[in-house]
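Please keep the sequence and the 3D structure in view while reading.

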Amino acid sequence: HTCPNHEKTASMILRAKGYEVYLPTYKARRRWSDRIVETPLPLFPGYVFSRFNAKLRSPIITTPGVVSVLGFGSEPAPIPEVEIAAIETVLRSGLLAEPYPFLHTGQRIRITHGSLEGLEGLLLKKKSDWLVVSVTMLQRSLSVEIDGEWIAAV
C-alpha cells in the first residue's frame, strides 16, 4: 500500500532495489482546453504489486512512498497469482479497462440509469450481464438483464 499519488515513485525505487514490481495502469481521457489527452493512471490507486520474501520485508516498508504491506494483522497476505494474471491478460487485450467499484454479494445497490432508475435492492448474484436483485419495497427477488455500469453501491 502506498501514499496516494506515489505509486509510480515507489515502484521505481522498489525496481531499483531489485524487486519485481507491477503497477497496472489504464488510459484515462482528460479534456484540456484545446484537446483530449490520454494519461496513464494507476488501475488500483494507492497500490503497487511486488514479489518479495515476506520474512524480509523491511526494505519494502522503508521505501519512500510505501505505507504498508497488505495482510492480516502483522502477517502479509499475497494476492493470488491467478488474479494478477487476470489483470495482465485484460490489460494486454487492448480492450477498454478502467477502475470499477467492487460490488459483493449481499451489498445494497441502487440502479442509476434506465427505466429502473432509483430502484434499490440487494445484489444477490453477479453473472455476465444480468443481476439478480432483491427489491425491498416489493419483498420479492427477480432477475433482470441490466448494464453493470447502471448500478451503484448504496
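## Aromatic cluster

Tyr 22, Phe 44 and Phe 49 make up one aromatic cluster. The model is predicted: local features need pLDDT of at least 70, side-chain atom pairs count only at pLDDT 80 or more, and totals for chains, interfaces and linings use all residues. Residues are numbered from 1 along each chain as its sequence is written, and side-chain values use heavy atoms, with hydrogens and water left out.

## The two pairs

Rings of Phe, Tyr and Trp (its six-membered ring) pair if their centres lie within 6.5 Å; planes under 30 degrees apart count as stacked, over 60 as edge-to-face and the rest as tilted. This rule gives two aromatic pairs. Tyr 22 and Phe 49 are a tilted pair, because their ring centres are 6.3 Å apart and their planes lie at 35 degrees. This pair links distant parts of the chain, since Tyr 22 is in strand 1 (residues 20-22) and Phe 49 is in strand 4 (residues 49-51), 27 residues apart. Strands (E, at least two residues) and helices (H or I, at least four) are DSSP runs, numbered from the N terminus.

Phe 49 also pairs edge-to-face with Phe 44, at 5.9 Å centre to centre and 85 degrees between the planes.

## Burial and surface

Buried means under 20% relative accessible area, exposed over 50%, and partly exposed in between (1.4 Å probe, protein chains only). Phe 49 has 17% and is therefore buried, whereas Phe 44, with 32%, is partly exposed. Leu 70, at 39%, is partly exposed too; Leu 70 sits in the loop between helix 2 (58-61) and strand 5 (71-72).
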